[in-house]
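Subject: Structure handover

Hello,

Here is the structure you will be working with. Please open it next to this email; my notes follow below.

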Amino acid sequence: MSEYKIKFKIGEFSRLNRVTVKTLRYYEEIGLLVPYETDEWTGYRYYSVEQFQQVNTIIYLKQLGFSLEEIRDLFATGRHTPSLAAIEAKIRQCEGEQKQLQRRYNELNSLAKSLQKEKKMEKVFIKSLPAIIVASHRRIINGYQELFDLCPKIIGPEMERLGCTCPEPGYCYTIEHNKEYNESNIDIEYCESVNEKREDSELIRFKEIPAVPIAVCIKHRGGYETFPQTFAQLFEFVEQNGYKIIDSPRFSYIDGIWNKESEEEWLSEIEIPVSID
């Protein structure tokens with residue numbers, strides 16, 4: 001196994017896990033999630049790949065009603081999953097609460113069942129990404145729903161006006177440019193592969209994207225709020241195989257709200273350009 005260790009600055013770790021820097025610093029203060037390494041000269045905090053799963057666990061258990069103190073005590077025992085007795089206690093609590101807690105109740109039942117069987121994971125795979133020309137649109141959005149409204153209502157019509165044609169099969173992806181997680185102001189760039197450059201407009205810029213010889217990829221099923229869970233699996237593979245990340249992850253949307261009725265049917269592909277020495 002490779003000794004190469006990926007380290008993430010606090011801002012990057014924040015952005016990838018959809019957790020604010022302020023929250024990460026508070027987790028450190030209460031001893032819940034301490035950075036993997038702190039530079040004694042600069043004071044920079046660094047986080048490791050293993051800590052992605054810790055963040056996922058904290059977020060998940062908070063959604064289920066466990067307090068930060070309860071999660072910290074659980075971590076102190078060396079475990080990351082509550083006992084079945086603790087889960088059942090939360091289920092009984094949910095039964096006495098109002099209708100808006102129904103989702104939490106269902107998740108607790110799902111968690112109890114997951115203790116008895118291993119969750120099936122998507123397989124990581126390697127592929128190359130060809131050089132392409134893209135029509136690019138970058139802006140600040142308040143959420144992904146806004147992006148998927150922009151595509152048919154603004155970006156698509158503008159590309160048609162400019163005379164863009166797209167190769168088959170189509171390929172589009174987004175890149176996030178935020179240095180840290182932000183709940184509402186998401187600096188996102190939408191790129192769609194086109195056959196040739198056209199004249200730039202106020203909405204669309206044309207770019208030549210170079211080929212990526214090696215990209216570590218994984219299919220993600222379901223909503224986008226669970227991306228951090230998939231990141232944990234993906235970055236673990238990158239680290240264990242000695243790859244080095246050379247560019248921002250691409251989020252390629254295959255199926256989603258535009259063609260699927262159920263969120264469970266949504267399908268995305270996360271692609272991380274890498275190199276290996």
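Strand β1 is joined by three bridges to strand β3 (residues 45-48), and the two run antiparallel. Strands (E, at least two residues) and helices (H or I, at least four) are DSSP runs numbered from the N terminus, and two strands pair if DSSP finds at least two bridges between them.

The model is predicted: local features need pLDDT of at least 70 and side-chain atom pairs pLDDT 80 or more, while totals for chains, interfaces and linings use all residues. Residues are numbered from 1 along each chain as its sequence is written, and side-chain values use heavy atoms, without hydrogens and water.

β1 and β3 belong to an open sheet of three strands with the order β1-β3-β2 and antiparallel pairing. Its edge strands are β1 (7-9) and β2 (37-38), each pairing on one side only.

K7 lies over the face of Y46, 5.1 Å from the ring centre; this requires NZ of Lys or CZ of Arg within 6 Å of the centre and within 35 degrees of the ring normal. R250 lies over the face of Y173 in this way, at 4.6 Å.

The whole structure has 16 aromatic pairs, meaning Phe, Tyr or Trp (six-membered) rings with centres within 6.5 Å; planes under 30 degrees apart are stacked, over 60 edge-to-face, the rest tilted. F8 and F52 form an edge-to-face pair, 5.1 Å centre to centre with 75° between the planes. F8 is in β1 and F52 in helix α3 (residues 50-63), 44 residues apart. F8 is buried at 2% relative accessible area, and F52 is buried at 0% (buried is under 20%, exposed over 50%, partly exposed in between; 1.4 Å probe, protein chains only).

Regards
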